[in-house]
Amino acid sequence: MAEAKLQVSDEIAISIENMNKWYGTFHVLRDIDLTVNRGERIVICGPSGSGKSTLIRCINALEEHQQGRIEVDGTVLSSDIKNIDKIRSEVGMCFQHFNLFPHLSILENCTLAPIWVRKTPKKEAEELAMYFLEKVKIPEQADKYPGQLSGGQQQRVAIARSLCMQPRIMLFDEPTSALDPEMIKEVLDTMIELAEEGMTMLCVTHEMGFARQVANRVIFMDQGQIVEQNEPEAFFNNPQSERTQLFLSQILGH
Amino acid sequence: MSDTNTTPVAFVRDAMLPEQAAPITAAGPLAWIKKNLFDGWFNSILTIVAIYFIYLIVSGAFPWFYNGVWTTDSLAECREILQGKTGGCFSVLTERWPQLLFGFKYPSEEYWRPTIAFFALFVAVAPVLFNKLPRKLLIVTAIFPFAAFWLIWGGSILVPIMVAVGLIVGYVVFTRLVYQSSAMGMIGGLVATVAVWMLSGYITDPLSGFLALEPVPSRDMGGFMLNFILGVTCVSLSLPLGILLALGRQSDMLIIKWICVVFIEFIRGVPLITLLFVANVVLGYFLPPGTNFDLILRVIIMITMFSAAYIAEVVRGGLAALPKGQAEAAGSLGLDYAQSMRLIILPQALKISIPGIVNVAVGLFKDTVLVSVISMFDLVGMIRGPILASTEWNGVYWELWLAAVLFFFPICYGISQYSQWLERQLATGHR
Ligand SMILES: Nc1ncnc2c1ncn2[C@@H]1O[C@H](COP(=O)(O)OP(=O)(O)OP(=O)(O)O)[C@@H](O)[C@H]1O
Ligand SMILES: [Mg+2]
């Protein structure tokens, strides 16, 4: 693991400065400052409703921010659709409820974006898809439909589908919290493997074992703010703020 | 008692049970009859009563068909032959068959033209309805509307060709400009199309005899052919228009959204007959005098708008039924709005909307008989007007209306069967 951590470079992958967001009059994100270097693996945790999902959804413009600056891979997020599309094709995302396309086969789910966005020839896109499906260990399901797969398998397909766009950054929004315990491990293993290859990752998750094993930084959010961030060892063994301590005692307590 | 108590709770299965065939539920036709028709005294009575009613209907209708007369020239002759027996005068159908099909003014030596168009229609819609057919057949689909227009209305082949050229030019301009902005693309495309159409007058007018079929004006169209033309054209136009309206209603652009909302709500709040009267009379006042705006075209526009509004609402229901995550997943993969609509959202939304869309389509097809109210001679207009008003056939109701039923039923039933087949084809397991 120490080796993997060395891969973090000085190059900046995501920089968020002074970002604020409101839903109507409700101030969801307040003065977020966050810089992510290439190859960093960040785990974001915090109580429900603290704005974790909103934060990572702002990074690929699924949510619009009203103030501040977000720069992803050298592209500044503005309302310009071209910039948004460019960022989205560089940033992969996995959702809590997988969001596979139920009317397309697993293979088609994976080849769709490369074919239509990257203009990859179909045959090449299929080879690429099979490569990543093998990587998440379900090549044999390629011709099935999402409805025929278990939750864990679906989430791994969703990861493969994102990887087919060969993103430089991956966002995960509670990828395991809709899964049964026995399926959580297969998805986490896939994510660990990805981390070891040096992917820049932002994961919203409450899997603290995963955080300890792969994260270089754990961020704790509450009420729309970043309350504390630290290396995992220090974060878990020696949390500074009271709210972090309370939160950790709640989720690690049982 | 003591035995069960001593059995240990722990249990390990050492031999796995083999799979067994499913139980056979019904054994033979007799068992089926007993189970489904004579299951208890109440069901038995119901069955017997039902059989009696079926007997009454069949025994009443049978002599009517069996004694039917097929070869007379008028109702009076027919009554003479029957001499008081029950029997249908089907000779009205044999004698007026061409009028029921084509109306009473379409030149009889040209009947072959709409007939060819009718059969070509099946070739043209086949690749749209059945995904497995080779995609190359879609060329036939693209050519068909223009060819059918030429066949049915006649005139020089240059007219439909120039219409097609205008559309193609507009499309090319659209694809060139759409990279700059979609509004530019639309306006540019529209302008180019209209310009080509206006200029094409200089070609088609002097060459009006070039490859010309005998022209048949719109007011000479009639019979079931008219219903069929209206039905097919309006269904195929209102589906894309309805989808656009549904998308527009969901749009973030307020002007577009409100145009769509007002259009849909207004059209849905007005009876179709009213719109048809508007098409017939009122539109004439708004158009500059002397413009010869075809009546069939006006009716097509009205019926299309009417059913497009309904289809828009059906499709909107389908769009609303999709989880938000689908659009988000498509967006997060980098698909743009048009791609995510076309590849992800619409295929699923339309699949959910199939029953509703078919409902509208079947309703629309049947509603085409309403044009008889604005004195067009469609199938119903023909029956009520020229045929029943004629001295020969005054009073032949049953036979004629039965024929009308037999014209419409197979088509509407066919559409509904196709939609059920399509739903089964599209099923990809639960979500
Ligand atoms: N579309 C929306 N409109 C209005 N308020 C919203 C919307 N989406 C989220 N919120 C609110 O914003 C706050 C932050 O939501 P968010 O989904 O980011 O929380 P979260 O930290 O991801 O929580 P969880 O752990 O439950 O997923 C919540 O209070 C939520 O009620
Ligand atoms: Mg969340």
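**Salt bridges in a predicted model**

Author: In this predicted model, Arg243(A) and Asp222(A) form a salt bridge through their side chains, with N to O at 3.4 Å.

Reader: Where do Arg243(A) and Asp222(A) sit?

Author: Arg243(A) is in helix H10 (residues 242-253) of chain A, and Asp222(A) is in strand E9 (residues 217-222) of chain A. The two are 21 residues apart, and the pair links distant parts of the chain.

Reader: Is Asp222(A) buried or exposed?

Author: Asp222(A) counts as buried, at 12% relative accessibility. Arg243(A) is partly exposed, at 40%.

Reader: Other topic. What does Glu328(B) pair with?

Author: Glu328(B) forms a salt bridge with Arg57(A), and the closest N and O atoms are 2.6 Å apart. The pair joins two chains, because Glu328(B) belongs to helix H14 (residues 324-332) of chain B and Arg57(A) to helix H2 (residues 52-59) of chain A.

Reader: And is Arg57(A) buried or exposed?

Author: Buried, with a relative accessible area of 10% for Arg57(A). Glu328(B) is also buried, at 12%.

Reader: How many salt bridges are there over all chains?

Author: The structure holds 24. One of them is Arg69(A) with Glu17(A), where the closest N and O atoms are 4.0 Å apart. Arg69(A) lies in strand E4 (residues 67-72) and Glu17(A) in strand E1 (residues 12-23), both of chain A, so the pair ties together parts that are 52 residues apart in sequence.

Reader: Which residues are linked in a network?

Author: Salt bridges link Arg249(B), Glu265(B), Arg268(B), Glu313(B) and Arg316(B) in a network.

Conventions
Residues numbered from 1 in each chain as written. Chains lettered and ligands numbered in written order. Predicted model: local features only at pLDDT ≥ 70, side-chain atom pairs only at ≥ 80, totals over all residues. Heavy atoms only, no water. Helix = DSSP H or I, 4+ residues; strand = E, 2+ residues; numbered from the N terminus. Buried < 20%, exposed > 50% of the residue type's maximum accessible area, 1.4 Å probe, protein only.
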